[in-house]
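Biologist: I have a model open on my screen and would like to talk it through with you. Could you take my questions one at a time?

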There are 2 protein chains.
Amino acid sequence: MAKETKISMAVIRRLPKYHRYLGELLRKDIDRISSKELSERIGFTASQIRQDLNCFGDFGQQGYGYNVKDLYDQIGKILGLDKNYKTIIVGAGNIGQAVANYAKFESLGFHLQAIFDKNPKLIGIKIRDIEVKDVDCLDTYLKENPIDIGIICVPKEHAQMVADIMIKNGIKGIWNFAPTDLNAPDDVIVENVHLSESLMILSYRLNESELFKE
Amino acid sequence: MAKETKISMAVIRRLPKYHRYLGELLRKDIDRISSKELSERIGFTASQIRQDLNCFGDFGQQGYGYNVKDLYDQIGKILGLDKNYKTIIVGAGNIGQAVANYAKFESLGFHLQAIFDKNPKLIGIKIRDIEVKDVDCLDTYLKENPIDIGIICVPKEHAQMVADIMIKNGIKGIWNFAPTDLNAPDDVIVENVHLSESLMILSYRLNESELFKE
């Protein structure tokens, strides 16, 4: 784990897929795999796979392939999945509730501590045994409870305000579902899930062949 | 709109962001913008912007910049947002309901026709005035109602089966929220929203500085 150059985001964005496929192999009791076989399953070329994994260290052995469990654990570690994060969700509407109930969440080390909303109809209800708090208490809550990751599921008009409160109180990671780009200092990581962008890409790809017809 | 080469996915994935920013400019009654100003707002370099837009035709004029409304409309057209799509959702759990209630959905031309689930507790309830149907009727429904886009919000174990029914009945676009990669023929477009992958990337980025410390 001691390479000096920064890994490109393109490589990093492939790591979760490796992790997912290796997890599936593990569940099928497959304990070793060649880069060729892995390539056939995962849909990247074998040389791509070797290059990607080489960014992080020496995995795999000539003639043996990869030890599935070992590689799975190593990639999990690279992805920081051996860590535990305290998280909160702000916005308990559809998306917020979907995220709160998202099964894989806890298993990846993300532990939901609190949920906030400003809607009186939602304040007080329980989602996964966590009572929704008034968002007016967010600032005070964060002062008393150190949180690693803030999840923003509010409408875009309120997203920056919520982010500012999070950042002011030391949150270093934001998972943003609001369809807007947040301003954040360099030491705060923002990962966006922009559903409308994904939908537009689908729409584009459906029309692509037509677009370039003369 | 008559360039011959296929546009790279990297360019395409930036288009929705252009579209979103231009939409915001329009709402602020800004009717023209230079690539430099656009660059400052959107965070891509001016030369990147010029290159991206050049893939699709001649936009902008030396010394004048871009006509915001025109560029917004053109990018919308490139993204196929002037089209209308009939869509269905399979899986009416948290994610399915969040997607169904997603406000931007209809405004982008995606018209929800039906929702399916296999849970008796969900069958018959109404989401946005659409009654949830039994998934056992999916095949028959699709035979009688031509649908453009199928949205898969079921657990990963059932995702491929649902996709197969969709594909068999002529659906050409799948928006997949199940955390698995679907097998589909080349003429079917699959766009994935893998929440756990996004969460892993956030986790990675939070740990990156630590990872490369000696």
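Modeller: Happy to! This is a predicted model, so local features need pLDDT of at least 70 and side-chain atom pairs count only at pLDDT 80 or more, while totals for chains, interfaces and linings use all residues. Residues are numbered from 1 along each chain as its sequence is written, chains are lettered from A and ligands numbered from 1 in the order in which they are written, and side-chain values use heavy atoms, with hydrogens and water left out.

Biologist: What is the strand order in the open sheet of chain B?

Modeller: Strands here are DSSP runs of E with at least two residues, and helices are runs of H or I with at least four, numbered from the N terminus. Two strands pair if DSSP finds at least two bridges between them. The open sheet has 7 strands with mixed pairing, in the order E5-E6-E4-E3-E7-E8-E9 of chain B.

Biologist: Which are the edge strands?

Modeller: An edge strand here pairs on one side only. One of them, E5(B), joins E6(B) (residues 130-134) in the antiparallel sense over 2 bridges, with B:Lys126 opposite B:Glu131. The edge strands of chain B are E5 (126-127) and E9.

Biologist: Are the residues on the two faces of E8(B) buried or exposed?

Modeller: In a regular strand the side chains alternate between the two faces of the sheet. In E8(B), residues 173-176, B:Gly173 and B:Trp175 lie on one side and B:Ile174 and B:Asn176 on the other. With buried meaning under 20% relative accessible area, exposed over 50% and partly exposed in between (1.4 Å probe, protein chains only), all four named residues of E8(B) are buried.

Biologist: Which residue of E9(B) stands opposite B:Ile174?

Modeller: E8(B) also pairs with E9(B), residues 189-192, in the parallel sense over 4 bridges. In E9(B), the residue opposite B:Ile174 is B:Val190.

Biologist: Why do the copies meet through the same surface?

Modeller: Contact means heavy atoms within 4.5 Å. The copies meet through the same surface because the interface residues of chain A that are also interface residues in chain B amount to 100%.

Biologist: How many aromatic pairs does the structure hold?

Modeller: Rings of Phe, Tyr and Trp (its six-membered ring) pair if their centres lie within 6.5 Å; planes under 30 degrees apart are stacked, over 60 edge-to-face and the rest tilted. Over all chains, the number of aromatic pairs is 10.

Biologist: What is the angle between the planes of A:Trp175 and A:Phe177?

Modeller: Another pair, A:Phe105 with A:Phe110, is tilted, at 6.1 Å centre to centre and 35° between the planes. A:Trp175 and A:Phe177 are edge-to-face, at 4.8 Å centre to centre, and their planes make an angle of 75°.
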